[in-house]
Every structure is written in structure tokens, then in C-alpha cells.
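Please look over the sequence and the structure before reading on.

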Amino acid sequence: MIEILTNYNDVLIEGFINTLIASLIALVISLIIGTLLGISQVSTNKLLAGIANFYVQLFLNIPLLIIVLFFYVVFPMFFVGVNGFTAGIIGLTIYTSAFIAETVRAGILGVPNGQMEAGLSTGLTYGDTMRYIILPQAIKIVIPPLGNQFINLVKNSSVLAMVAGLDLMYYGDLIASETFNTFDTYIIVALFYLIITLPLTYLMQYVERRLAAND
Amino acid sequence: MDFTGAYSWVNIRFLLDGLLVTLEIAAISIILSFIIGAILGLVRYMKVPVLSFLAGAIVDIIRNLPLLLIIFFTYFALPQIGIRLSIFWSAVAAMTIFESAMLSEIIRGGLNSIPVGQMEAGRSTGLTYAQTIWYIIIPQALRAMVPPIVSQFVALVKDTSLATIITLPELTHNARIVYGQDTNFVIPMFIAMGFLYWVVCYTLSKLSKRLETSNA
């Protein structure tokens, strides 16, 4: 096990960093898209709400792998070729956006109705009430589930390995097939994943408790 | 693009065979996971000394790992220590290991959602601790657990697509074989497999939502 770590530390670290980069890029973009979709879903504009709902219901119910494969296999048939890393990030972003949209929607709906009525009756517009009254309260509700989405994102990023995405899982697989020591290699890869996900899990549990205690 | 060629009866049958394997794997795994998850969840709920801590540690480790890694592990790494499973059972083992951890959290959450007063009331009527859990707590907790378990099943159906890496003949794998024969089949196959996954998962998600509202 030590030999694998010393002989392959450069590839392992490269994979680890790529996993982190892929997860972070996908997180930032899907936070933006997901929040916009979530707000659109509860919008009074029927068309906007319809489009957002369609997106969310479509991608919540299709495997991530299919979306990634689509960008890896189908997309280059019409447009430019994309490498596995990019296809993976696009897939992760599209998929995670749907989950974040659901989280944001639930957060907004979690704020009591009276808040919107009160905002409107003080003369604020719908947009202003959303921005200054509803969203600040919704954020408190959505922080723990958003944290969980990020943990899922890190785990889901392993799908990059299926399209040669140069992530931790991909290099792990490579090392396993070179050394024939599958058992130790996968244990090491598991430890690298846990370095990211375990602290995040405990942090989220702590935040959740703190937020609950504040209520 | 060749839709009529791609959607020949032979190809559609092949996809449906794949869907059947997908559902079979998901169903077997969720049943096994429910049993193991229930044991883990109960051990933690009842705060059995040592065991409770161990169960918590195992659950935290497993659910913080990518499922794909666990699939690789059961198929490629277990043979190294003498455990050789077929492709089908490697996939079932991986899904079960992962889902047991997920379900144990749902089950523990369900048990914890029952007010402490229920336990006290049960005990004060003369029931033993075990009887109170079995007759009072579990029946109420089950109702709270069903919707999240159905949601977890939806996630599981989607996750089975990862087992294509160990050539499990499930839906994704079979679709890839069909479009591998002819580039004109690529888009029709993506549409077909996307549609099949979507129909199954959407229907189940709606069911989960309905159960949730009927419970409240």
C-alpha cells in the first residue's frame, strides 16, 4: 500500500486536484443556474415556471451518466469535440442544477406565505419582496441541503472516470490495472475521497445543529 | 440518423431486457439494503454501546464514498482477497453496501422523528423496551420512512447505470451496444434510454410525492 502511495503520488494528487476542480466549477455554475431555476419555478410567470419545471423534472429523472455520455458521444457529432473532463463537468453541472433548483424551490416555499403578503402590502414589488424578504430567509433553510448537494457532487464527479476524465477515480483505475493490486489501490482512492467528503459531512451536521438551535 | 432501423423490434427488445436487469438489480438491492439498513439504524437508535459507534462509523464512511468506487471494489478488488462474485452479484453487492448506509440514515431519521413521549407512554403501560419499539415506534416510523425510501429507490435505479463499467447487461450497457453498431443509431438510442429511465423514475418520484402528502 505504501509503495502505491510513493510510486504514484503524483498521479493520485493530480486526480485529487482534478476531482476538486471539476466539483468546484460544477458547484459554482450549478448554484447560479439552480437558484435561477428554483426562483423561476415559483414565479407567477407561467411560461418561465413551465420551462424551469420542465428542466428540473427532466434532469432529476435521468441518470447522470447518460447526460455525461451525451456530451461525450453525441455533442461532438454536431459541434466541437469535448474531452472527458469537460463533458463530465457539463454533465455534472446540468444534473446538479436540477437538484439545487429543487432545494431552492423547497427553501422558498418553506418561508411562510404571510411574509410575501406582508412584503407586498408594504408596497414592495414582487421582485423586491423576493429579494429582500423571502430569499434571505430561504437561504437559512437551504444551506444544509446545499452542503449535501456539494458532497453528492464530489462523489458524483467519479463519473468522469467513465469518459477518461482524468479524475481521482480514473487514475485509481489506471493504477489498479498497472499494479494489479486492486484492493490496496481502491482503499487509497477511498481515503482520498473521504478527505474531501467526511469533513464536509461533519461540517454540515454542525451547521444544521447551529441553525436549528438559533430558531 | 436512422430511427426506423434503430427502433427495430430486436433493438427495442434488447433495451427492454436491459431495463428489466436494471429494475431487477435495483429491486434486489433495495430489499437487502432495507434489511441491513434497518439493523444498522436500529442499533444506532437504541444506542447499543460499541456497536452503535461502529455502525455510525461504517455508515459515515460508506455514504461518503462514490458508488462507482464501491462497484469497482466489489468486482475488481474482492477477488484479490478470495471473494469472487459474478458480474450480477458484484453489482448487487455494491448497490447493497452503498444503499444500506443510505437507508440506515433514513430509518434512523424516521425512528428519531417519533416523539419521546411515545416511548414513555409505551413503557408506562407496562410494555418492555423491545415491545414498545416493535409495536409503538416502528409502525409509526415506517409511515414517515416510506416516501424517502421510494426517493432512494429512484436514485438507485439511476445509479445502476454505473454498473455498465463492469459490463452488467443493464439498460445503459445494452443501449451502448446498439449504438456501437451504427453511428446512425446514437441519437435514437440516447432518446430511447433517456425516455425509459425518465418514465420509470418520474413515475416513482410522483408516487413518493403522493405518499408524502397523504401521510401529512
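This is a predicted model: local features need pLDDT of at least 70, side-chain atom pairs count only at pLDDT 80 or more; totals for chains, interfaces and linings use all residues.

Chain A has nine helices and zero strands. Chain B also comes to nine helices and zero strands.

**Confidence**

- Chain A averages a pLDDT of 92, and 100% of the residues score at least 70.
- In chain A, the lowest confidence falls in helix α1 (residues 2-7), with a mean of 85. The highest falls in helix α3 (residues 46-60) of chain A, at 96.
- Chain B averages a pLDDT of 93, with 99% of the residues at 70 or above.
- In chain B, helix α1 (residues 3-6) has the lowest confidence, at a mean of 84. Helix α4(B) has the highest, at 96.

**Chain A**

- From the N terminus on, the order of elements in chain A is α-α-α-α-α-α-α-α-α.
- Along the principal axes, the C-alpha atoms of chain A fill a box of roughly 70 × 50 × 20 Å.
- Chain A has 215 residues, of which 42% count as buried.
- Take the contacts in chain A with a separation of 6 or more: 75% of them are between residues 24 or more positions apart.

**Chain B**

- Chain B runs α-α-α-α-α-α-α-α-α from the N terminus on.
- The box filled by the C-alpha atoms of chain B is roughly 70 × 45 × 20 Å, taken along the principal axes.
- Chain B has 216 residues, and buried residues make up 42% of them.
- Of the contacts in chain B with a separation of 6 or more, 76% are between residues 24 or more positions apart.

**UniProt annotation of chain B**

- An unreviewed UniProt entry places the feature "domain: ABC transmembrane type-1" at residues 19-208 of chain B.
- In the model, residues 19-208 of chain B are 79% helix and 0% strand. The end C-alpha atoms of this span are 21 Å apart.
- UniProt, again in an unreviewed entry, lists "transmembrane region" at residues 20-43, 50-75, 81-98 and 185-205 of chain B.
- Residues 20-43 of chain B are 100% helix and 0% strand in the model. The end C-alpha atoms of residues 20-43 lie 34 Å apart.
- Residues 81-98 of chain B are 67% helix and 0% strand. Here the end C-alpha atoms are 20 Å apart.

**Contact between the chains**

- The contact takes 30 residues from chain A and 28 residues from chain B.
- On the chain B side, the elements that give two or more residues are α3 (51-63), α4 (67-77) and α9 (186-215).
- Helix α9(B) supplies the largest share of that side, 10 residues.
- By type, the chain B side that touches chain A divides into 20 nonpolar, six polar and two charged residues.

**Nonpolar core**

- The largest nonpolar core has 116 residues.
- Residues with the most contacts inside this core include A:Val68, B:Leu68, B:Leu69, B:Ile70 and B:Ile71. B:Ala94 and B:Met189 are also among them.
- Helix α5 (residues 87-112) of chain B gives the largest share of this core, 13 residues.
- Which residues does A:Val68 touch, leaving aside its neighbours within four places in sequence? A:Val68 is in contact with A:Ala87, A:Gly88, A:Gly91, A:Val159 and A:Val163.

**Positive phi values**

- Most residues other than glycine have a negative phi.
- A:Ala164 has a positive phi, near 55°. A:Ala164 is found in the loop between α7 (126-156) and α8 (168-179) of chain A.
- Is A:Ala164 exposed or partly exposed? A:Ala164 counts as partly exposed because it has 16 C-beta neighbours inside 10 Å.
- B:Lys47 also has a positive phi, near 50°. B:Lys47 is found in the loop between α2 (9-45) and α3 of chain B.
- B:Lys47 has 9 C-beta neighbours inside 10 Å, so B:Lys47 counts as exposed.

Notes:
Residues are numbered from 1 along each chain as its sequence is written. Chains are lettered from A and ligands numbered from 1 in the order in which they are written. A nonpolar core is a set of buried Ala, Val, Leu, Ile, Met, Phe, Trp, Tyr and Cys residues joined through C-beta atoms within 7 Å. A residue is buried if 20 or more other C-beta atoms lie within 10 Å of its own, exposed if 12 or fewer, and partly exposed in between; C-beta atoms are placed from the backbone. Helices (H or I, at least four residues) and strands (E, at least two) are DSSP runs, numbered from the N terminus. Two residues are in contact if their C-beta atoms, placed from the backbone, lie within 7 Å. UniProt positions are given in the numbering used here, feature names are shortened, and annotations may be inferred rather than shown by experiment. Ala, Val, Leu, Ile, Met, Phe, Trp, Tyr, Cys and Pro count as nonpolar, Asp, Glu, Lys and Arg as charged, and the others, Gly among them, as polar. pLDDT is the predictor's confidence in each residue, from 0 to 100.
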